[in-house]
Amino acid sequence: MSLSKTLQSPNILSMIVGKSFDEMKDILMVQGSEYYTDNPQEGETIRQNLASFGLPSDLDTVKRVQEHIIRHYVEKILPLAGTPAQLANFIEKRIDFSEAKGLLTNALQKGSVLIAVSHFGGVESIVPTLAYLKFPINPVLKFTTQNFSDKLRGFAKVMEETGLFAPINFIEIGKPGSQNALLMARVLNKKEILFTVFDEETPHSKPVKLFNRSVLGGAGLDRLTRLARGNVSVFNTFMIREGENYRMQLLPVDIKAENPVQQMYNNLQSVLEKHFEQWYFLHEEIPFIN
């Protein structure tokens with residue numbers, strides 16, 4: 001069983017019902033640590049990925065990466081385990097979004113915004129934060145199960161009904177017959193935010209450099225933005241963990257430049273140089289180009 005399925009098992013989820021966010025986090029962190037103790041082979045994958053990028057790969061560093069991977073799943077589970085009021089309180093008290101709020105407000109006055117994220121830090125907290133700030137947000141997501149899709153959509157509706165959050169309009173990829181490219185292009189022709197991931201391998205990915213290694217990435221975002229007719233501001237957005245708190249950082253991308261996808265990976269590397277342990281992909285198979 002994977003770490004994700006372990007932490008989302010009925011037995012563990014029953015342990016966090018009715019708890020505060022901090023209490024839930026502590027329980028899940030302990031359970032995640034026990035998972036890695038019982039599955040030492042997963043540490044070797046992390047060690048090899050670190051070494052491939054020329055990053056420190058000693059035992060203490062591997063354990064630090066594992067701690068941040070557990071936090072990634074904690075951040076995914078907590079909103080669904082708590083209440084919208086708890087989530088709003090968490091965002092207000094724990095997340096520094098002041099700079100990002102100003103940049104996005106100015107950009108949306110001119111046109112649409114594409115937020116391209118990587119599997120880094122508290123990425124699961126970005127969409128709820130944007131909805132809390134009452135921005136029109138359209139996340140492009142691929143759900144692992146229909147049950148999780150239904151649960152997340154239901155919770156987003158409850159969030160909206162409280163008046164604490166703006167509506168969240170999901171664009172769900174991977175469903176037969178869906179016209180995702182058209183839906184995404186429509187968002188980019190309105191004064192709204194399109195939220196999607198750039199550090200994945202898809203049929204439209206291209207070779208880029210990261211720490212002097214060639215990988216496939218970009219997920220076709222350069223093709224997508226060419227479909228937009230209006231002004232589009234593009235930002236790589238990172239939710240950086242700083243102890244128990246977070247800082248939301250936006251780095252601009254010139255989508256009209258010769259290689260905007262490489263710009264995205266340059267932005268990613270500039271963040272990883274300070275916080276590489278927060279890159280979730282270090283525990284998975286990275287699409288290296290040999």
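Helices (H or I, at least four residues) and strands (E, at least two) are DSSP runs, numbered from the N terminus. The model is predicted, so local features need pLDDT of at least 70 and side-chain atom pairs count only at pLDDT 80 or more, while totals for chains, interfaces and linings use all residues. Residues are numbered from 1 along each chain as its sequence is written, and side-chain values use heavy atoms, with hydrogens and water left out.

On confidence, pLDDT is the predictor's confidence in each residue, from 0 to 100. The chain has a mean pLDDT of 91, with 95% of its residues reaching 70 or more. Among the elements of the chain, strand 1 has the highest mean pLDDT (98) and helix 11 (residues 221–225) the lowest (83).

Back to the turn. Asn212 is not a glycine, yet its phi is positive, at about 65 degrees. Phe211 lies in the loop between strand 6 and strand 7 (213–217), and its phi is near 50 degrees, a positive value in a residue other than glycine. Are these residues buried or exposed? Buried means under 20% relative accessible area, exposed over 50%, and partly exposed in between (1.4 Å probe, protein chains only). Phe211 has 16% relative accessibility, so it counts as buried; Asn212 has 73%, so it counts as exposed. In strand 7, Leu216 is the bridge partner of Pro207.

Phe211 also belongs to an aromatic cluster, together with Phe53, Tyr73, Trp279, Tyr280, Phe281 and Phe288. Rings of Phe, Tyr and Trp (its six-membered ring) pair if their centres lie within 6.5 Å; planes under 30 degrees apart count as stacked, over 60 as edge-to-face and the rest as tilted. Arg213 lies over the face of Phe288, at 4.2 Å from the ring centre; the criterion here is NZ of Lys or CZ of Arg within 6 Å of the ring centre and within 35 degrees of the ring normal.

The structure holds 13 aromatic pairs. In one of them, the ring centres of Phe198 and Tyr265 are 5.4 Å apart and the planes stand at 85 degrees, so the pair is edge-to-face. This pair links distant parts of the chain, 67 residues apart: Phe198 is in the loop between strand 5 and strand 6 (206–210), and Tyr265 is in helix 12 (residues 260–275). Both Phe198 and Tyr265 are buried.

Seen in order, the 7 strands of an open sheet run 1-9-8-2-5-3-4, with mixed pairing. Strand 1 (95–96) and strand 4 (171–172) stand at the edges with a single partner strand each, so one side of each is left without a neighbour in the sheet. Strand 1 pairs with strand 9 in the parallel sense over 2 bridges, and Ile95 stands opposite Tyr246 in strand 9.

Why is strand 8 (residues 232–242) largely enclosed by the rest of the structure? It is because 8 of its 11 residues are buried. Strand 8 pairs with strand 2 (residues 112–117) in the parallel sense over 6 bridges, with Ser233 of strand 8 as the bridge partner of Val113. Strand 8 and strand 9 (residues 245–253) run antiparallel, joined by 9 bridges, and Pro252 in strand 9 is the bridge partner of Phe235. Their hairpin has 2 residues between the strands, and Gly243 takes a positive phi near 70 degrees there.

Helix 7 (residues 98–110) has Ala100, Leu104, Ala107 and Leu108 as its buried residues. They cover an arc of only 95 degrees around the axis, which puts them on the same side of helix 7; the arc is that of the directions from the helix axis to the C-beta atoms. On the other side of helix 7, Ser98, Glu99, Gln109 and Lys110 are exposed. Strand 2, helix 8 (126–132), strand 5 (193–197), strand 8 and strand 9 are among what covers the buried residues of helix 7, contact meaning heavy atoms within 4.5 Å.

In helix 10 (residues 180–187), the buried residues are Asn180, Met184, Ala185 and Val187. Their arc around the axis is only 155 degrees, which puts them on the same side of helix 10. The cover over these buried residues includes strand 2, strand 3 (137–141), strand 4, strand 5 and helix 11.

Conventions: Pairing = 2+ DSSP bridges.
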